Amino acid sequence: MTEIIDGNAVASQIRDDLTDAIETLADAGARPGLATVLMGDDPASQTYVNMKQRDCEEVGIESIHVDVDGDAPPEELYETIADLNDDPEVHGYIVQAPVPDHVDYREVIRRVDPAKDVDGFHPENVGRVVAGDARFRPCTPHGVQKLLESADVETEGKDVTIVGRSDIVGKPLANLLIQKADDGNATVTICHSRTENLAEKTRNADIVVAAAGVPELVDGSMIGEGSVVIDVGVNRVDADTEKGYELVGDVEFESAKEQASAITPVPGGVGPMTRAMLLYNTVEAASQQADVDVELP
């Protein structure tokens, strides 16, 4: 039987395990605080922000939200960022992407205090991941590692093929998996839109991570028997449903399930883990800033 790796259950356990650390910090006068910044009124972004606020409330993290007019000049967003950098009650924050076209998102990231960059996107934090000295592991890649751990999937000595080379998932995950660590020591191949013989590379992998943003790009014919499949993709496709669409991953689930020994579903796989690891990073940020040792899951 193929194991379906339940991201909701793993994320719930991580949130439960964070509560002791949060209370330890609160007792020391440093209850973790997470701020979200939303520039504009993108409905999907608003939904994501609302979910993150609910997650904070559930575990006892202080939640702060700042709206910035989508038509405002970039300087208004930069001023918000500067205020959050200086606010001692805010231990971590995110600027929800996408930002309006007239704002350079890379400049936004560069202005975030690296010590409060709980997304792990600041160039300093990216460099620390590459160097094997991470301040924060980026949320989605770290979530993937936690899912593999939950399913007792060893990465040491294994061949991992990552389909996708984004700065958010593919690149940082590859760097984490090659580290000399208990959840690393893998041999990693990164594939992308210019890769030739993609199916051959995925079939030969012990672990396949699909993170290309292409609906059902990877099907069962591209999966080796007994491999582990982690599907990071979340794609909205037209469907004859009440909403008029359905969510699918970058993996064609039914055919891949026939080949894999373990696989994540969409939804309910990697997505909940990304949010849980944001809380994890916020607690870690508070611990570092308050100089209070806590035990993290």
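## Polar links between the domains

Across the interface of domain 1 and domain 2, two residue pairs are in polar contact, both at pLDDT 80 or more. A polar contact here is a pair of N or O atoms within 3.5 Å; within protein, one must be able to donate a hydrogen and the other to accept it, and residues adjacent in sequence count only if both atoms are side-chain atoms. On the side of domain 1 that touches domain 2, four residues are nonpolar, none is polar and two are charged. In this scheme Ala, Val, Leu, Ile, Met, Phe, Trp, Tyr, Cys and Pro are nonpolar, Asp, Glu, Lys and Arg are charged, and the others, Gly among them, are polar.

This is a predicted model, in which local features need pLDDT of at least 70, side-chain atom pairs count only at pLDDT 80 or more, and totals for chains, interfaces and linings use all residues. Residues are numbered from 1 along each chain as its sequence is written, and side-chain values use heavy atoms, with hydrogens and water left out.

Where do the domains fall? Domain 1 covers 28-130 and domain 2 covers 139-271, with bounds from an automatic or database domain assignment. Six residues from domain 1 and seven residues from domain 2 make the contact (heavy atoms within 4.5 Å).

## Buried area

Together the domains bury about 460 Å², 54% of it on carbon and sulfur atoms. Buried area is the accessible area (1.4 Å probe) that two parts lose on being put together, summed over both. Phe121, Val129 and Val130 supply 70% of what domain 1 buries against domain 2, more than any other three residues.
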